[in-house]
Amino acid sequence: MNKLLQELQQAAAERETRRHFLHTCSTGVGALALSSILGSCGFLNKDEHTAAVGNALQSGEPTAPHPSQYIPKAKRIIYIHMAGSPSQLELFDYKPELAKYNGKDCPQELLEGKKFAFIRGVPKMLGPQGKFAQHGQSGAWVSDYLPHLQGVVDDLTFLKAMHTDQFNHAPAQLLMHTGSARLGRPSMGSWVTYGLGTENDNLPGYIVLASGGKQPDAGKSIWGSGFLPTVYQGVQCRTDGDPVLYASDPAGITRDVRKQTIDAISEINQQQYNDVKDPEILTRIAQYELAFRMQMSVPDAMDIKSEPQYILDSYGVDPNKGSFARNCLLARRLVERGVRFVQLFDWGWDSHGTSEDGAIEIGLKNKCKESDQAVAALLNDLKQRGLLDETLVVWGGEFGRTPMQENRDGQVLPFMGRDHHLEAFTVWMAGGGVKKGFSYGETDDIGYYGVKDKVHVHDLQATILHLLGFDHTKLTYQFQGRPFRLTDVAGKIVKPILA
């Protein structure tokens with residue numbers, strides 16, 4: 001309780017600081033000048049950055065661009081999450097030794113003291129189902145499940161000894177994207193938008209595109225703003241119909257009338273803010289005004305029919321249908337227009353072997369066919385436009401898959417499948433600030449444990465923030481009496497992968 005009272009007193013004191021005086025008594029010119037001076041040095045310390053963000057909130061422009069804590073390597077992110085988690089053993093982590101154990105009983109030392117989502121009893125080992133070969137000058141191992149990605153491996157950095165703390169989908173997705181397996185924390189995109197703002201005030205700074213027919217298991221919490229002001233939450237855009245629900249003018253209402261209505265609502269909200277000083281009211285004002293501007297900017301950004309035919313063909317896009325490939329093309333269009341964080345979620349990568357869709361030899365192959373061409377095209381498209389050097393692309397799931405074939409209650413399933421695995425999985429990154437054609441981390445001979453250069457989820461988050469110009473320990477927000485951050489109380493930068 002004392003900490004909460006101290007936080008309240010601090011908030012009240014902050015409203016009486018010199019910066020607050022400059023803002024309230026000089027229409028914000030002093031605050032803007034201060035941010036400009038601080039930014040001209042190329043970086044801000046923690047207190048200066050917090051002040052710059054606070055000034056943006058107070059000025060009613062919470063997503064206005066502000067400098068990072070030091071010079072960044074990446075200006076924007078496209079994060080591609082394959083919800084359900086693809087098997088690294090079929091795609092990137094080549095284990096010829098595992099093939100020798102195919103069909104044999106799993107050794108007890110791999111089962112004792114371990115927890116699995118579904119495996120019970122003694123399962124059989126399952127060898128790699130993809131055919132692997134080395135590609136590019138880097139000699140990266142990639143299977144025949146991803147023939148298009150084979151052509152761009154020299155742009156990628158692989159993290160092959162990723163590990164996590166959670167083996168169920170929802171908590172593992174929450175941990176990956178919010179830094180906590182529990183609900184209520186801000187998503188990575190919200191932290192990034194809070195820290196940097198956006199370069200286009202006519203579009204949200206954080207946009208989410210989903211495909212695969214279902215939402216991720218953790219739901220919309222993984223692009224929510226948690227305890228940050230709601231202006232920083234992800235805005236999900238649809239690929240069919242209106243991109244954003246309720247953004248269009250109602251029937252019989254002209255754009256001029258809509259603008260007058262929003263101005264009147266904003267004036268009422270501003271009067272309420274002057275009375276109670278609740279920052280969520282400023283968020284409400286900003287969201288109304290952004291929604292009005294989005295009526296013109298979002299349809300333009302989402303209109304892929306204006307793209308040349310050769311671009312549509314390179315992605316494998318049907319302009320009349322929503323798809324993962326369409327979302328990849330939209331991601332390029334959005335970062336091209338200054339959107340800070342674009343999140344792609346594609347559902348359907350959970351390969352348990354209980355059905356054809358969930359079979360390693362059928363369903364996983366089909367998901368790769370749906371996505372492989374588009375991901376490779378996205379990387380090439382960004383590269384050709386000079387955007388890849390300043391855009392960080394991240395690809396991965398929430399955990400890995402086991403080297404043994406999944407069984408349930410001791411019964412062999414009708415198709416080949418692998419259970420959830422938290423000890424080892426693969427994530428790759430490309431673009432802004434990471435090495436090209438590089439592989440970091442190793443697993444053991446059967447892909448069960450990481451044995452060299454292991455990377456935890458919090459380490460990945462710390463590295464992403466570092467590439468955007470932040471010390472992950474200093475990008476914080478005061479809540480319930482203590483400063484919170486994306487990486488909780490852990491995380492270290494994976495320096496060997498930095499270019």
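A network of salt bridges links Glu307, Arg332, Arg333, Glu336, Arg337, Asp381 and Arg385; a salt bridge here is a side-chain nitrogen of Lys or Arg within 4 Å of a carboxyl oxygen of Asp or Glu. Please keep in mind that this is a predicted model, in which local features need pLDDT of at least 70 and side-chain atom pairs count only at pLDDT 80 or more, while totals for chains, interfaces and linings use all residues. Residues are numbered from 1 along each chain as its sequence is written, and side-chain values use heavy atoms, with hydrogens and water left out.

Start at Arg332, whose side chain meets that of Glu307 in a salt bridge (2.7 Å, N to O). Both Glu307 and Arg332 are buried, that is, under 20% relative accessible area, where exposed is over 50% and partly exposed lies in between (1.4 Å probe, protein chains only). Arg332 also forms a salt bridge with Glu336, at 2.8 Å from N to O. Glu336 is partly exposed, with 35% relative accessibility. From Glu336, move on to Arg337: these two form a salt bridge with their closest N and O atoms 3.9 Å apart.
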